[in-house]
Amino acid sequence: GDELNSVGREVPQNSVDAQYDETKPVIVEFKSFQLEATDFPDHQECLEILDNCELTWKGHNDKCEKFIEQAKDILSQPTISFLRISDFNTKGLEGANSKELGTPWSSLIREAGSSNKGDSSGGSFGIGKSAPAANSKIRTLFYDSLDIRGISSHIGVANIMSFEKDDKITTGVGYYTGDENSRAISGLLGLDPNFERTEPGTDIYISAFNANDSWSEKLLHSILMNFFITIHQKQLVVRIEDVEINYDNLGEF
């Protein structure tokens, strides 16, 4: 019910659980930006998929129809708003080049109701990974990862709805991938023109993010409510746009 608070709670927790060097804090960065619609991966295919959804659901479900209308309008604008969530001093999404279940990559991208975290971690069944998608008006995310073995990868995930295609019904989950088994693409996507990843970690790109005037303040409140102790213990530093919350300035906030 509170999408922004959810992403402020769940994503940093996942990053802290993937900490690489325990002598240094994990850094999580939230940064909004605008992307030219022509640079949106497979932009035209996304619009065609929404057309198929429209044909399938017209006259059957008002909620679906409203979502499709909004999504088509967003993708038809010259620019699309994004939120980039990047972490540092983490292990990245290991397993991107593997077919195995249970790897960090598979758990986040492919699996439902699962988590590879140990008992000491803050998550359990992987439900929190849905939080970023709830903040996308078109329910579409892109992931970049550089893991500690130097393997870089990217993929997109669209959690929209089922539609009819070639007399069959799709699952409703689509992947931006070059592989029929929906494996990751080698290399980094790098959607944010002002950011380049050079060290291990993960970037989550939330498309069609609602970047209203108060989003950064609401997110700051969420971080303070959920990670006051973690920041105080020098395990986490959070950057929201140009504001940084760390051990030294925590008292000011």
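Predicted model: local features only at pLDDT ≥ 70, side-chain atom pairs only at ≥ 80, totals over all residues.

Biologist: How many residues does helix H2 have, and what span from its first C-alpha to its last is expected?

Modeller: The expected span comes from 1.5 Å a residue. Helix H2, residues 43-57, has 15 residues and reaches 21 Å, close to the 21 Å expected, and it is followed by Gly59, whose phi is positive, near 80°.

Biologist: Which residues of H2 are buried, and what do they pack against?

Modeller: Buried means under 20% relative accessible area. In H2 the buried residues are His43, Leu47, Leu50, Cys53 and Thr56, and they pack against helix H3 (62-75) and strand S5 (164-165).

Biologist: Where does helix H6 bend?

Modeller: H6 bends by about 65° at Asn226, although the 24 Å between its end C-alpha atoms agrees with the 26 Å that its 18 residues should span at 1.5 Å a residue. Its buried residues include Trp215, Leu219, Phe227 and Ile231, and among the elements that cover the buried residues of H6 are helix H1 (3-17) and strand S2 (79-88). Lys234, which follows H6, has a positive phi, near 60°.

Biologist: Why does Asn249 count as buried?

Modeller: Asn249 counts as buried because its relative accessibility is 14%, and the cut-off is under 20%. This residue is found in the segment after strand S11 (243-245), and the side chain of Asn249 reaches the backbone nitrogen of Asn246 at 2.8 Å.

Definitions and conventions:
Residues numbered from 1 in each chain as written. Heavy atoms only, no water. Helix = DSSP H or I, 4+ residues; strand = E, 2+ residues; numbered from the N terminus. Expected span 1.5 Å × (residues − 1). Buried < 20%, exposed > 50% of the residue type's maximum accessible area, 1.4 Å probe, protein only. Contact = heavy atoms within 4.5 Å. Polar contact = N/O pair within 3.5 Å; in protein donor to acceptor, adjacent residues only side chain to side chain. Bend = angle between axes of the 7 residues up to and from the residue.
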